[in-house]
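These questions ask what lies behind some of the words used for a structure. Each answer sets a value against a definition.

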Amino acid sequence: MKKTVYIKKGQNILQGLKENNISFYAPCSGKGICGKCKVKIKNSTSNITKEELKHLSKNEIEEGIRLACKTYMIEGGEVEIEYDINECKSDFKKIKYDTESLIQQRYIKTDIENGRSIIDIIKKQLGDVSIDIEMMRKISNTNYSDGINLILYKDKIIDIKKDNNSNNKYGIAIDIGTTTVAVYLLNLNTGEQISVKSFQNPQSLYGADVISRINYTIENKKGMDVLRQKIIKEIDDNIGLILNKHNIDKENVYKCVIVGNTAMSHIFWGLNLYTLSKIPFIPVNREMLYDRAFNIVFDNMNKNAVVIFLPNIAGFLGSDTVGAMIESDLINNDKNILLIDLGTNGEIVLSTKESLLACSTAAGPAFEGANIKFGMQAFDGAINKFKIKEDIEYETINNKKPRGICGSALVDMVSEMKKSGIINKTGKINNPEKIKNIKLSKRVVKKDKKYEFKITENISITQDDIRQLQLAKSAIRSGINILMKKQKISIENLDYIYLAGAFGNFINKESAKGIGLIPDIDSDNIISIGNAAGEGAKKFLCNDKLEEDISYYMKNTEHVDIAKYENFQEEFLKNIYL
């Protein structure tokens with residue numbers, strides 16, 4: 001959809017969009033590299049730059065299209081942008097989770113006894129519970145005549161229920177992805193999932209990938225504060241929307257469990273990212289962290305609600321991987337399983353009877369469409385499925401007019417082009433004269449001395465796009481192969497592959513095998529497990545006993561630094577081939 005935004009005189013347009021809190025696709029964070037921050041301008045602006053001449057066609061320039069990151073307003077005025085609503089598809093399932101929550105409600109009789117304090121009376125009935133000064137203050141202002149309903153987490157009193165007849169207890173689970181954030185509302189009494197809402201991570205304006213955001217916090221004095229406040233406010237606002245939709249009092253939300261990669265957790269807590277930016281990529285913290293909602297400025301839950309961020313395994317193996325391991329129940333599985341979260345930073349876990357090995361791979365943003373010429377995120381109009389028969393066939397999200405290519409279609413395209421002889425195993429687009437199918441050969445055109453394959457009149461897949469996918473594919477496959485070699489597991493001995501994450505959920509298994517992204521095992525044993533990180537967060541939200549499983553994964557998972565593997569370069573180059 002189109003949207004107009006007013007930008008002040010003398011202001012850079014991208015900066016103006018940030019100040020207006022507009023969710024806008026600018027994956028290179030204003031460096032002029034990606035060419036995706038296109039806007040339409042009617043007012044006077046700064047002269048066109050060399051970066052814009054590289055990315056904009058002659059027709060676009062004539063129509064007033066500019067790159068937001070490289071254009072300044074000479075006069076204040078409105079700018080038209082292609083605006084994707086800051087909300088992503090959410091597959092809501094009415095599901096119940098096992099409940100064994102340590103959020104407990106206890107009724108206390110407060111019969112006054114000589115020589116005893118109110119706190120003595122409470123502890124006599126509850127045991128040696130922790131009561132901080134704020135709770136003492138709240139207890140002191142309570143009417144004791146009808147007794148008190150107290151809310152506890154573990155051995156700590158966190159709230160006093162005003163309504164003695166109410167036993168409502170709710171929790172929030174959050175998966176902070178680099179691209180997408182998912183927020184879930186659950187009933188802690190029944191384990192029932194009530195609602196889910198997902199939206200684009202507001203930090204995306206400051207870079208599509210983790211490295212860009214790490215650099216932003218280092219290069220800008222207030223960078224950490226900006227990114228932290230953006231994510232906390234957006235999450236809190238969306239929690240409020242969910243609660244209002246279901247008429248739930250925020251005072252009854254007592255627990256929040258969060259997962260995310262290591263950088264996302266550091267930004268959430270405001271921990272300096274400098275050590276994550278340099279070899280050997282050491283995090284400030286790996287442990288599970290707790291705080292109260294009011295300290296974080298989560299206004300749309302009980303101010304004393306306990307907020308928990310699950311632990312990180314290593315610098316680029318975060319609590320999202322721990323969440324995925326919980327969902328996959330690897331602790332109770334004796335099969336040889338590859339758990340793969342396909343994304344900008346691909347996380348891989350190999351689970352066998354003997355061990356748990358894990359690594360992260362710098363796949364880059366190709367799967368998200370960020371460094372693909374006509375790449376885009378999975379919004380309306382994105383080509384998401386692709387097939388070649390006599391000619392090409394494709395589908396777009398919500399059957400809208402094609403606007404670009406998302407990651408799942410990119411994998412389909414390269415796989416189908418390889419099968420049809422349009423590209424060879426090195427990824428090179430063949431001379432159209434060598435392509436037997438006339439319809440397909442006519443789609444191969446030369447631009448800037450390189451071949452590209454036309455999908456529509458305005459959308460094509462270029463030679464550089466294919467190279468970007470090859471690099472991402474090789475990073476993932478090299479990580480897989482190194483873990484399997486280290487554990488001496490052959491493809492024949494691999495029982496299952498679990499594909500996690502939004503991209504893993506929508507990727508065509510045959511296409512993924514066709515380009516060598518994943519090992520070629522029976523497709524029935526390749527299982528898409530959806531947002532496994534979010535599922536793990538929900539399970540722990542409802543069942544505190546899973547803290548034992550988390551401790552097991554933290555103690556027994558060996559982090560493998562694949563960059564230090566002696567034959568890594570050789571492995572990577574081998575896997576570039578399709």
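The turns below go through strands, helices and cores.

Q: What kind of model is this, and what limits apply to its features?
A: The model is predicted: local features need pLDDT of at least 70 and side-chain atom pairs count only at pLDDT 80 or more, while totals for chains, interfaces and linings use all residues. Residues are numbered from 1 along each chain as its sequence is written, and side-chain values use heavy atoms, with hydrogens and water left out.

Q: What makes β10 a mostly covered strand?
A: Buried means under 20% relative accessible area, exposed over 50%, and partly exposed in between, with a 1.4 Å probe and protein chains only. In β10 (residues 193–200), eight of eight residues are buried. For β9, also called mostly covered, the count is seven of its eight residues.

Q: How do you know that β9 and β10 pair?
A: Strands are DSSP runs of E with at least two residues, helices are runs of H or I with at least four residues, and both are numbered from the N terminus. Two strands pair if DSSP finds at least two bridges between them. Strand β9 (residues 180–187) and β10 have seven bridges, in the antiparallel sense; therefore they count as paired. T180 stands opposite Q200, and V181 stands opposite F199. Five residues lie between the strands of this hairpin, and G191 there takes a positive phi near 80°.

Q: What does β9 form with β8?
A: The two strands form a hairpin with three residues between them. Strand β8 (residues 170–176) pairs with β9 in the antiparallel sense over seven bridges, with Y170 opposite N187.

Q: Why is α6 called oblique to α7?
A: Axes are lines fitted to C-alpha atoms, for helices over the stretch in contact, and angles run from 0 to 180 degrees between N-to-C directions. The axes of α6 (residues 210–219) and α7 (residues 223–245) come within 6 Å and cross at roughly 130°. Angles under 35 degrees count as roughly parallel, over 145 as roughly antiparallel, 65 to 115 as roughly perpendicular and the rest as oblique, so α6 is oblique to α7.

Q: Which residues of α6 and α7 meet?
A: R213, Y216 and T217 in α6 meet G223, M224, V226 and L227 in α7, where contact means heavy atoms within 4.5 Å.

Q: What makes a set of residues a nonpolar core?
A: The set consists of buried Ala, Val, Leu, Ile, Met, Phe, Trp, Tyr and Cys residues joined through side-chain atoms within 4.5 Å. The largest such core has 60 residues, and F24, I174, I176, F268, F298 and M301 have the most contacts inside it. Helix α7 gives the most to this core, with eight residues. A second, separate core of 58 residues includes I383, I392, I476 and L483.

Q: Why are β18 and β19 called edge strands?
A: Each of β18 (392–396) and β19 (404–405) pairs on one side only. The open sheet has three strands in the order β18-β17-β19, with mixed pairing. Strand β17 (residues 382–388) pairs with β19 in the parallel sense over two bridges, and A382 stands opposite G404.
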